Amino acid sequence: MELSPDETWIEFGPPDARRRIGFHDYDAMYTVPGLYERVFYEELGMDTVTEVVGLYGRTLRAQGLDPAVERVLDLGAGNGISGAALRDTGVGYLVGLDREPAAERAAERDRPGVYDDYLVADLLTWSDSEQQPARAHRLTSIVAVAALGIGHIPPEVLQRAMALAQPGALVSFAVLVELMPGSTDERGIASGYPDFLSGWYPEHCEELERREYVHRRRRDGSAEDAVAFAARLR
Ligand SMILES: C[S@@+](CC[C@H](N)C(=O)[O-])C[C@H]1O[C@@H](n2cnc3c(N)ncnc32)[C@H](O)[C@@H]1O
């Protein structure tokens, strides 16, 4: 397998049937069993699942909450890596949500039974009535693992996901440092996250903990730094 130096594509397969797909073309990536894991976890050492789910689990314990009674939305669930980690933390009820139909099929193929329900939706375009099935799950936590940011879930979708949960729900997520308030990175600023994290987020959430960590390595070996958050919806 070959990754392009600028992280725009990967190539894989035998020489006579080589395939190239976009680095973030999850729809295509999830159709090949194990490919997502190989690219992001094995080649690039992505560590966000350990960080965000670890932080979420520690926060539950610190708050005296029993994971077994939590009803968690795994936002941007993909093929279920984050869901499996949440189950390992003892989460009792788990709903996945992703905009790619291929993600749901891959989660069922690779980690059958991890989710109690899996919703395929884009929350930006979901009407109030379409949101009803998600509300019916009476969610008590929203967790987003490696799913927020440029080319991924925008702040408006995270905000809508939080609105699906019960008041007082726990939220846990992470963003790259370029998306933090005060960022001078043009694409980071354009993502809307710096404004979201200095505006809507502190108004609507009581922060419980934040932690800096390395999300993964870039192709040139440098670190992609990120910040993980745990908070409670007001
Ligand atoms: C890097 S993957 C992370 C998957 C999984 N959480 C993990 O830890 O491996 C990001 C996921 O976010 C999903 N995604 C991106 N934008 C989205 C949106 N607007 N709404 C829902 N899911 C989205 C993608 O389809 C993809 O499955």
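Three strands make up an open sheet in the order β1-β2-β3, paired in the antiparallel sense. Strands here, like helices, are DSSP runs numbered from the N terminus (E, at least two residues, for strands; H or I, at least four, for helices), and two strands pair if DSSP finds at least two bridges between them. β1 (2–3) and β3 (19–22) sit at the edges with a single partner strand each, so one side of each has no neighbour in the sheet. Between β1 and β2 (residues 9–12), the antiparallel pairing runs over two bridges; Glu2 has Glu11 of β2 as its bridge partner.

All of this comes from a predicted model, in which local features need pLDDT of at least 70 and side-chain atom pairs count only at pLDDT 80 or more, while totals for chains, interfaces and linings use all residues. Residues are numbered from 1 along each chain as its sequence is written.

The protein chain is split into domain 1 (2–43) and domain 2 (48–233), with bounds from an automatic or database domain assignment. Their C-alpha centres are 24 Å apart. Across the boundary, 11 residues of domain 1 are in contact with 11 residues of domain 2 (C-beta atoms, placed from the backbone, within 7 Å). On the domain 1 side, α1 (26–29) and α2 (35–43) each provide at least two of the touching residues. That side divides into seven nonpolar, two polar and two charged residues (nonpolar: Ala, Val, Leu, Ile, Met, Phe, Trp, Tyr, Cys and Pro; charged: Asp, Glu, Lys and Arg; polar: the others, Gly among them).

How values were computed
Contact = placed C-beta atoms within 7 Å.
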